[in-house]
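Work through the exercises below with the sequence and the structure at hand. Each task is followed by a solution in steps.

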Amino acid sequence: MERQQEFVLRTLEERDIRFVRLWFTDVLGTLKSVSVAPAELESAFDEGIGFDGSAVEGFARVYESDMVAMPDPTTFQVFPFEGTGIGESARIFCDIVTPDGAPSWADPRHVLRRALSRAADKGFTFYTHPEIEFFLFETQLGAQGQPIPVDDGGYFDHTTHAVARDFRRQAILSLERIGISVEFSHHEVAPGQQEIDLRYADALATADNIMTFRHVVKEVATSAGVHASFMPKPFTDQPGSGMHTHMSLFEGEHNAFHDPVDEIKLSKTGKAFIAGLLRHAPEYTAITNQWVNSYKRLFPMPLANQVTESPAYVCWGHRNRSALVRVPAYGKPNSARVELRSLDSAANPYLAFAVLLGAGLKGIEEGYELPPGTEDDVWSLSDRERRAAGYRQLPANLAEAIDAMSESELVAEVLGEHVFDFFLKNKQAEWDEYRRQVTAYELNRYRDL
């Protein structure tokens with residue numbers, strides 16, 4: 001038995017842990033879970049836990065439905081805040097395999113592992129750091145069925161004695177008690193909107209942490225008598241929730257994005273990585289922004305006296321928050337990084353990180369040239385000015401994003417045929433269902449025609 005497995009089994013016994021949750025996600029990023037008794041975990045490490053894969057979104061067809069969840073002991077974590085007097089609980093992420101032990105092509109964790117392995121073959125380790133935005137709502141809905149924010153705060157407001165302030169404190173304490181490091185937290189622009197930023201980690205650990213983060217935030221919110229939502233755009237007249245993600249490649253201890261003699265301290269590798277992100281942006285947008293609602297965040301209604309930082313146009317800039325890709329100012333060489341700002345907090349992080357890494361590596365492999373950066377406020381420009389500057393628009397809705405992805409050899413290669421085909425079919429069904437709906441907007445505008 002491996003040392004990490006022995007540690008897990010010993011901890012279960014010493015801390016009287018009664019429930020062990022085995023976690024994995026479906027293709028759309030929905031968390032799945034099965035609880036096992038501690039006594040069953042030793043055999044689960046050897047043989048896994050069988051389940052019906054055809055009942056999970058995108059995993060298998062009925063005639064090939066047998067799947068096995070193999071616990072990854074390196075992801076073991078005790079959840080001390082969920083004990084409620086009946087013993088502590090713990091969770092372990094699983095890798096999904098077929099009955100013969102082969103990795104499942106439908107497992108999002110495997111998709112990311114495969115992308116990271118390709119980067120490792122080139123000598124790179126991929127690190128990510130997400131800034132996760134979300135809303136806190138009252139549990140009841142408003143008169144028109146609208147969610148009710150828990151506060152009236154704005155950007156960086158100190159909401160004294162409000163639910164939001166105490167919520168963030170409790171959420172951060174809970175995250176840190178299970179080993180997830182938090183860098184910053186603050187109130188975001190919209191009423192009820194929060195941001196919590198996780199510390200840098202390798203991309204697989206970060207994706208696991210994001211899935212854990214969503215679970216913890218929802219649990220803490222429930223305990224506080226409120227509701228946490230990662231919906232990209234809950235309100236027409238308020239900003240949506242993004243997950244701006246900082247990325248870097250390391251070669252051993254060396255940050256491959258840093259060049260001390262470059263004007264903005266960005267290496268040739270870093271520039272080619274950005275060029276890959278830009279060139280392939282329309283192709284991977286269906287993954288980073290996978291819901292119909294995601295595009296209402298990217299293309300919001302213009303709001304008076306409110307800054308719009310939704311990155312809907314393909315360009316990059318140094319310290320420019322209106323650009324799709326931003327190169328932040330930094331001090332230490334190891335802090336060199338690039339930030340993608342289109343990603344929203346309802347994406348599947350495994351698939352999102354895989355396609356972003358794939359696009360960046362493609363730029364490095366092919367030696368893509370980085371176009372000139374912009375210092376414009378891209379949203380303040382007219383359509384004609386943006387076209388003249390060469391700023392392409394991201395897909396304007398899910399249908400356009402599906403079309404762009406369906407033509408992408410890069411995304412097909414990164415995701416694998418099974419995930420690629422299922423994802424497109426699922427999103428096409430979502431778009432078809434959405435476009436047939438008669439909305440309150442249409443009724444209000446057209447019912448008297």
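A residue is called buried when its relative accessible area is under 20%, exposed when it is over 50%, and partly exposed in between. The model is predicted.

**Exercise 1.** Find the buried residues of helix H1 and state how they are placed around its axis.

Solution. Step 1: helix H1 runs over residues 3–14. Its 12 residues reach 16 Å from the first C-alpha to the last, close to the 16 Å expected at 1.5 Å a residue.
Step 2: Gln5, Val8, Leu9, Thr11 and Leu12 are the buried residues of H1. They lie on the same side of H1, because the arc they cover around the axis is only 160°.
Step 3: in an α-helix there are 3.6 residues a turn, so residues three or four places apart point the same way.
Step 4: Arg3, Glu13 and Glu14, on the other side of H1, are exposed.

**Exercise 2.** Name elements that cover the buried residues of H1.

Solution. The cover includes strands S1 (19–25), S5 (77–79) and S6 (89–97), together with helix H2 (38–47).

**Exercise 3.** Describe the backbone and the exposure of Asp16 and Lys265.

Solution. Step 1: most residues other than glycine have a negative phi.
Step 2: Asp16, in the loop between H1 and S1, has a positive phi near 55°. Its relative accessibility is 40%, so Asp16 counts as partly exposed.
Step 3: Lys265 sits in the loop between strand S14 (254–255) and helix H6 (268–279), and its phi is positive too, near 65°. With a relative accessible area of 36%, Lys265 is partly exposed.

Note on methods. Residues are numbered from 1 along each chain as its sequence is written. This is a predicted model: local features need pLDDT of at least 70, side-chain atom pairs count only at pLDDT 80 or more; totals for chains, interfaces and linings use all residues. Side-chain values use heavy atoms; hydrogens and water are left out. Helices (H or I, at least four residues) and strands (E, at least two) are DSSP runs, numbered from the N terminus. The expected span of a helix is 1.5 Å times one less than its number of residues. Buried means under 20% relative accessible area, exposed over 50%, partly exposed in between (1.4 Å probe, protein chains only). The arc is that of the directions from the helix axis to the C-beta atoms. Contact means heavy atoms within 4.5 Å.
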